[in-house]
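Reader: Please take a close look at a single part of this structure, and state the cut-off behind each term.

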Amino acid sequence: VVRDQVDSARQWVNDFQAPFVVVAGSTFVALGELMPHEALRDGPRHSPDGVHQSRRFEKQHTKLEFYDSVYDVERARDRGAVFVFLSHQWLGHSHPDPAGI
């Protein structure tokens, strides 16, 4: 019974409870500004505040990549992927950085 519990716990830790979603560094830099996740996911047609997205974003092919487990991330890393974590507190209600700070 204990072995089953340990095996179950290991599997739970290795499977993300939500997808790990990334965007290529070159894409992120080309955006020129922080964008809501939904805008990156849905493309230029998404406009939560009623304002059309920038032309830079319209021309930029934005491809989000989704990882569902530690194993998936490790496989990507073994193929040469490098991950950089960025955390940002939203400074506006409809845009992550309305003043461009």
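Author: Phe 28, Val 29 and Leu 86 make up a nonpolar surface patch with about 310 Å² of accessible area together. Patch members have over 30% relative accessible area and no salt bridge, with nonpolar side chains (Val, Leu, Ile, Met, Phe, Trp, Tyr) joined within 5 Å and like charges within 9 Å. A salt bridge places a side-chain nitrogen of Lys or Arg within 4 Å of a carboxyl oxygen of Asp or Glu. Accessible areas follow the Shrake-Rupley method with a 1.4 Å probe, and for residues only the protein chains shown count as cover.

This is a predicted model, in which local features need pLDDT of at least 70 and side-chain atom pairs pLDDT 80 or more, while totals for chains, interfaces and linings use all residues. Residues are numbered from 1 along each chain as its sequence is written, and side-chain values use heavy atoms, without hydrogens and water.

Strand β2 (residues 64–69) contains Ser 69 and also Asp 68; strands are DSSP runs of E, at least two residues, and helices runs of H or I, at least four, numbered from the N terminus. Ser 69 counts as buried at 10% relative accessibility, whereas Asp 68, at 48%, is partly exposed; buried means under 20%, exposed over 50%, and partly exposed in between (1.4 Å probe, protein chains only). Beyond four places in sequence, Ser 69 touches Asn 14, Asp 15 and Phe 16, and Asp 68 contacts Asp 15, Phe 16 and Pro 19, contact being heavy atoms within 4.5 Å. Asp 68 and Phe 16 lie 52 residues apart in sequence, yet their C-alpha atoms are 5.6 Å apart.
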